[in-house]
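Please keep the view open while I talk.

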Amino acid sequence: QVQLVESGGDLAQPGGSLRLSCAASGFTFSLYGMSWARQAPGKGLEWVSGIYSGGSDTYYADSVKGRFTISRDNAKNTVYLQMNSLKPEDTALYYCAKDRGITVGDGFDFWGKGTLVTVSS
C-alpha cells in the first residue's frame with residue numbers, strides 16, 4: 001500500500017533552516033508529481049510546493065517563494081523541502097502528498113501524517 005512518511009520537523013529560530021524529507025513506498029515514485037502542504041494552528045490547509053515526476057518543474061506558493069526549495073531523488077523514492085529564512089508564520093504541520101499524475105495540480109490521492117515545524121525564538 002502507498003505510504004508517505006515525513007521527517008525533519010523541529011524547532012527552529014527565525015532566520016534558520018530546516019530540511020524536510022518524505023520517504024515514499026507502495027507505488028512507482030518516479031511516475032508521479034509530489035507536493036508539500038501545511039496546516040498552521042487554527043488555520044486551513046495551504047499548498048506550499050510541488051514538483052513534477054521527473055523533477056524538471058517546480059512550483060511554489062507566494063508565501064514561500066525564494067525561501068523554500070523542493071527537490072526529489074527518484075532513486076531513493078524521496079522528496080525534500082529545504083526551508084531557509086524561516087519565519088514564525090511558517091510554523092505548521094507539514095504534509096507530503098502524492099499527486100494523481102506526473103504533473104502538479106491534478107489533485108492528491110495520498111497523504112502522509114505530517115511533521116511539525118515550529119519557528120520561534
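The aromatic pairs come to five in this predicted model, where rings of Phe, Tyr and Trp (for Trp the six-membered ring) count as a pair if their centres lie within 6.5 Å, and where planes under 30 degrees apart are called stacked, those over 60 edge-to-face and the rest tilted. One of these is the pair of phenylalanine 27 and tyrosine 32, which is edge-to-face, with 5.8 Å from centre to centre and 75° between the planes. Phenylalanine 27 is buried at a relative accessible area of 15%, whereas tyrosine 32, at 24%, counts as partly exposed; here buried means under 20% relative accessible area, exposed means over 50%, and partly exposed is what lies in between, using a 1.4 Å probe and protein chains only.

A second pair is made by tyrosine 95 and tryptophan 111, and it is edge-to-face because the planes stand at 85°, with the ring centres 6.3 Å apart. Tyrosine 95 lies in strand E9 and tryptophan 111 in strand E10 (residues 108–111), so this pair ties together parts that are 16 residues apart in sequence. For the element names, helices (H or I, at least four residues) and strands (E, at least two) are DSSP runs numbered from the N terminus. Of the two rings, tyrosine 95 is buried at 17% relative accessibility, while tryptophan 111 is partly exposed at 37%.

Before I leave the rings, which residues do ring pairs link into a cluster? They are Phe27, Phe29 and Tyr32. Lysine 98 lies over the face of phenylalanine 27 at 5.4 Å from the ring centre, and over the face of tyrosine 32 at 3.7 Å from the ring centre.

A word on conventions. Residues are numbered from 1 along each chain as its sequence is written, and side-chain values use heavy atoms, with hydrogens and water left out. Because the model is predicted, local features need pLDDT of at least 70 and side-chain atom pairs count only at pLDDT 80 or more, although totals for chains, interfaces and linings use all residues.

Let me turn to the disulfide, defined as a pair of cysteine sulfur atoms within 2.5 Å. The count comes to one, and the bond joins cysteine 22 to cysteine 96 with an S to S distance of 2.1 Å. The two cysteines are 74 residues apart, in strand E3 (residues 18–25) and strand E9 (residues 92–99) respectively, so that distant parts of the chain are linked. The angle about the S-S bond is -75°, and the link is left-handed. Cysteine 22 is buried at 0% relative accessibility, and cysteine 96 is likewise buried at 0%.

E1 and E3 pair over five bridges, with leucine 4 opposite alanine 24 and valine 5 partnered by alanine 23. E3 and E8 pair over six bridges, and serine 21 has tyrosine 80 in E8 as a bridge partner.

What about the interior? A nonpolar core is a set of buried Ala, Val, Leu, Ile, Met, Phe, Trp, Tyr and Cys residues joined through side-chain atoms within 4.5 Å. The largest one has 27 residues, of which Met34, Trp36, Phe68, Val79, Leu81, Met83 and Tyr94 touch the most other members. E3 gives the most to this core, with four residues.

Finally, two backbone details deserve a look. Asparagine 77, in the loop between E7 and E8, has a positive phi of about 55° although it is not a glycine, and is partly exposed at 27% relative accessibility. Serine 85, in the loop between E8 and E9, is also not a glycine and has a positive phi of about 50°, with a relative accessibility of 41% that counts as partly exposed.

Conventions. Pairing = 2+ DSSP bridges. Lys NZ or Arg CZ within 6 Å of the ring centre and 35° of its normal.
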